[in-house]
Amino acid sequence: MGFWEIFTSILILNLFWSKPISSNSLRSAELSEIPTSFLNYAKQPELVKWMVDVRRRIHENPELGFEEFETSKLIRNELDKMDITYKHPIAVTGVVGMIGTGKPPFVAIRADMDALPMQESVEWEHKSKVPGKMHACGHDAHVAMLLGAAKILQDHRHELKGTVILVFQPAEEGGGGAKKMVEDGILDNIDAIFGLHVFADLSIGSVASRPGPLLAGSGFFEAVISGKGGHAAIPQHTIDPIVAASSVIVSLQHLVSREADPLDSQVVTVGKFQGGGAFNVIPDSVTIGGTFRAFSTESFIQLKKRIEEVIKAQAAVQRCNATVDFHPENKIFFPVTTNNKVLLKHFENVAGDMLGTTNVKDMQPLMGTEDFSFYSEVIPGCFSFIGMKNETLGEIPSVHSPFFTLNEDVLPYGAALHASLATRYILEFESKSHPSDQKVCDEL
């Protein structure tokens, strides 16, 4: 008898007493054992070695948003080996797999696939082989963990009284891959979706999240402020756009410090200032650009409105004209990532059973952005962070750093958490599903 068969037999005997899995037949104590059983399985050396290998292969060959062709191929090859049905392409390079009955309840678990446009500065055996590209945000680990969860779930597909959807998503890093996946219909019939992200500030074996707003909504802006150029020695014959742009930047900071509720966190940051190329020449125009973020749709809309008003008005005070573009380089707005309270409680229960309640942390909202928000705008969603800090290994540089490293010990935790969240959701929410109101997904 192979390892998969041994594990299946043990799990069925210990958890389900050879009875069909259903929310009615499983006692609370039996439900609580599922996460620990999955974690014990995920920590088996054979599976850990496989997940590490998958993660390293992806790390060596990073691909940017909507260019994840080889990553997508790797995922599909692994799903083929597991005999898991999937649909591809979705959103150019995305892959969506299905495990279970093809009937409700439907629950999705998601991983992002794309890398960042930066040169890796970490010298190790599996350093990026692609100049100027690096997995510096842990998406390689996210894919490996979701594939690990797929292995666990596929081995128990006959016991699943519902359907788990595996979402391998492209272009999280600013490309809005989740938005494209939603537009392509991947959420049709799905009741809930879960996502997670590695977190260097949390200890290994711990997780964190919060109900309601977790990550900010964000947008970008770019403004061209036009005046009249000329010699720096005779400024009276010019209309100086640099002075106007400087006034604009200072005034934009007042939007948060003097117009926003101090208890409603908002950010306006100007990170781009381009104008002129000589020490003694006043340019004809200046381009500035930046980002703005907020934790509510209302605040976000108001901030956007005021940014445009302030830029144009302050430019006019200095006799300049200004145009404002909120979609430079085809950038898009990202909604607030908001956790459904019922799903957040489900996450806390499952993670608590797996890791112990003291290792399930409540966290403060972060001003970072996640395009998981496009999913949670449409259906109930829950996003969380999974720790990978190990004091003995030293400090891990933050994400989006060329020195970012990943503690691969996190992989079995992520795989088991994904599988447990989905399995327990199906078991606990089965009675709340209404099959007659939904389609049956016999194929993707």
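Predicted model: local features only at pLDDT ≥ 70, side-chain atom pairs only at ≥ 80, totals over all residues.

How are helix 9 and helix 11 oriented to each other?

**Entry 1: helix 9 and helix 11**

I looked up the angle first: helix 9 (residues 341-355) packs against helix 11 (residues 410-429) at about 125°, and their axes are 10 Å apart. An angle over 145 would count as roughly antiparallel and 65 to 115 as roughly perpendicular. Helix 9 and helix 11 are therefore oblique to each other. I also noted that their crossing is right-handed. On the helix 9 side, the residues making the contact include Val-342, Leu-343, His-346 and Phe-347. From helix 11, I picked out Tyr-413, Ala-416, Leu-417 and Arg-424, among others. Sorted by class, this contact has 13 nonpolar, three polar and three charged residues.

**Entry 2: helix 3 and helix 4**

Next I checked another helix pair. Helix 3 (residues 45-60) and helix 4 (residues 69-81) pack at about 160°, with 10 Å between their axes. That makes helix 3 roughly antiparallel to helix 4, since angles over 145 degrees get that label. The crossing of this pair is right-handed. Helix 3 makes the contact with Trp-50, Val-54, Arg-57 and Ile-58, while helix 4 brings Thr-71, Leu-74 and Glu-78. I sorted these residues too: four are nonpolar, one is polar and two are charged.

**Entry 3: a sheet with a helix across it**

I found an open sheet of four strands in the order 10-12-8-13, and the pairing is antiparallel. Which strands sit at the edges? They are strand 10 (266-274) and strand 13 (321-325), each pairing on one side only. Ignoring direction, neighbouring strands here are turned by 20° against each other on average.

Glu-222 stands opposite Gly-289 of strand 12. Helix 7 (residues 241-259) lies across strand 8, strand 10 and strand 12, and runs at about 165° to strand 10.

**Entry 4: the whole chain**

Last, I zoomed out. I counted eleven helices and 16 strands in the protein chain. Its C-alpha atoms fill a box of roughly 90 × 50 × 40 Å along the principal axes. For 444 residues, a compact globule would have a radius of gyration near 22 Å; the chain has 25 Å, so I wrote down that this agrees.

Terms used: Residues numbered from 1 in each chain as written. Heavy atoms only, no water. Axes fitted to C-alpha atoms, helices over the stretch in contact; angles between N-to-C directions. Helix = DSSP H or I, 4+ residues; strand = E, 2+ residues; numbered from the N terminus. Parallel < 35°, antiparallel > 145°, perpendicular 65-115°, else oblique. Left-handed = near helix turned anticlockwise from the far one by under 90°. Contact = heavy atoms within 4.5 Å. Nonpolar A, V, L, I, M, F, W, Y, C, P; charged D, E, K, R; others polar. Pairing = 2+ DSSP bridges. Rg over C-alpha atoms; globule rule 2.2 N^0.38 Å.
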